[in-house]
Amino acid sequence: MPHTYEASDGDGGRIPERVLTTAARLFSELGYDEASTQIISDACGIEHSVVTDHYGGKIGLYKVVLRELTALRIESMKGALKEFTPDVAGLIRLIDSYLDFCLQYPELPALWMHRWMSDATDIPEAEVRDSLRELDQIVGLIAQAVAEDVDPEMFNWNVVWVVNSFIRGGITDSDGVSHRADDPDTLMRFRRYLHQTAQWAAGPRLPTGGASRSPYR
């Protein structure tokens, strides 16, 4: 998680970049539950007491890592949000922006995938709600671009789930060979599929005969 600054631990102290980077890597690889305070302190080459007494322990580091990665995600998507147009081109810009961020910072999708699999259950969603900032704005924009019978919130989560899974595990062909995001051809194929998904969602749809249940309509 490359930074150009040090993040606050919330108590006026500063957490060095190398500690945040190491903690982010461990949380993304092991999950919050398996990345013990001792493992983190050993990997960082610091005393166990420094993590517990100065950095808020494992939970404090986790919240800071999630907050800082979220801030980077929001910053990375500003251009796509500002230039959004209510059409397939706007959808593709949003999708590409999220995919490009995840390629650069794979720790964030990994953290969320761990959470989806019941990791860090002792940290309520309310305590990490900042990580979902701007979600309503993004879904609201999607609602302007997709067809009437496409649920914009489900479309957004579908993209998030697919991108996060691809970044984490790649794809496996019928021959059993795994292809990951660091393979240019695989990445191009995946990006093309996402663009096709956007074209499908924004294209003309047949009437469903019922009112949309989305709150963004």
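Student: What should I know about the model and its numbering?

Tutor: This is a predicted model, in which local features need pLDDT of at least 70 and side-chain atom pairs count only at pLDDT 80 or more, while totals for chains, interfaces and linings use all residues. Residues are numbered from 1 along each chain as its sequence is written, and side-chain values use heavy atoms, with hydrogens and water left out.

Student: How many helices and strands are there in the protein?

Tutor: Helices (H or I, at least four residues) and strands (E, at least two) are DSSP runs, numbered from the N terminus. Here the protein has ten helices and four strands. Read from the N terminus, the order is β-β-α-α-α-α-α-α-α-α-α-β-β-α.

Student: How much of the protein counts as buried?

Tutor: A residue is buried under 20% relative accessible area, exposed over 50%, and partly exposed in between (1.4 Å probe, protein chains only). By that rule, 45% of the 217 residues count as buried.

Student: What share of the contacts joins residues at least 24 apart?

Tutor: Contact means heavy atoms within 4.5 Å. Among contacts between residues at least 6 apart in sequence, 66% join residues at least 24 apart.

Student: At what angle do α1 and α4 cross?

Tutor: Axes are lines fitted to C-alpha atoms, for helices over the stretch in contact, and angles run from 0 to 180 degrees between N-to-C directions. Angles under 35 degrees count as roughly parallel, over 145 as roughly antiparallel, 65 to 115 as roughly perpendicular and the rest as oblique. The axes of α1 and α4 (residues 57–76) come within 10 Å and cross at roughly 95°, so the two helices are roughly perpendicular to each other.

Student: Which residues make that contact?

Tutor: From α1 come Val19, Leu20, Ala23, Ala24 and Phe27, and from α4 come Lys58, Leu61, Tyr62, Val64 and Val65. To sort them, Ala, Val, Leu, Ile, Met, Phe, Trp, Tyr, Cys and Pro count as nonpolar, Asp, Glu, Lys and Arg as charged, and the others, Gly among them, as polar. The contact of α1 with α4 then has nine nonpolar, no polar and one charged residues.

Student: How do α4 and α7 cross?

Tutor: The axes of α4 and α7 (residues 107–116) come within 10 Å and cross at roughly 125°, which means that α4 is oblique to α7. A crossing is left-handed if the near helix is turned anticlockwise from the far one by less than a right angle, and right-handed if clockwise. The crossing of α4 and α7 is left-handed. Its contact is made by Tyr62, Val65, Leu66, Leu69, Thr70 and Arg73 of α4 with Glu107, Leu108, Leu111, Trp112 and Arg115 of α7. These residues divide into seven nonpolar, one polar and three charged.

Student: How many salt bridges does the structure hold?

Tutor: A salt bridge is a side-chain nitrogen of Lys or Arg within 4 Å of a carboxyl oxygen of Asp or Glu. The structure holds six. One of them joins the side chains of Arg25 and Glu29 at 3.8 Å, N to O. Both residues lie in α1 (residues 17–30), four residues apart, about one turn of the helix. Arg25 is partly exposed at 37% relative accessibility, and Glu29 is partly exposed at 46%.

Student: Is Glu68 buried or exposed, and what does its side chain meet?

Tutor: Glu68 is buried, with a relative accessible area of 9%. Its side chain meets that of Arg67 in a salt bridge of 3.4 Å, N to O. Arg67 is partly exposed at 34%.

Student: Where do the partners Arg189 and Asp173 lie?

Tutor: Arg189 forms a salt bridge with Asp173, the closest N and O atoms being 3.5 Å apart. The pair links distant parts of the chain: Arg189 is in α10 (residues 184–202), and Asp173 is in the loop between β3 (171–172) and β4 (178–179), 16 residues apart. Asp96, Asp100 and Arg191 are linked in a network of salt bridges.

Student: Which phi value does Ser118 have?

Tutor: Ser118 has a positive phi of about 70° although it is not a glycine. Ser118 lies in the loop between α7 and α8 (135–145) and counts as exposed at 51% relative accessibility. Ala120 is found in the loop between α7 and α8, with a positive phi near 55° in a residue other than glycine. Ala120 is buried, with a relative accessible area of 1%.
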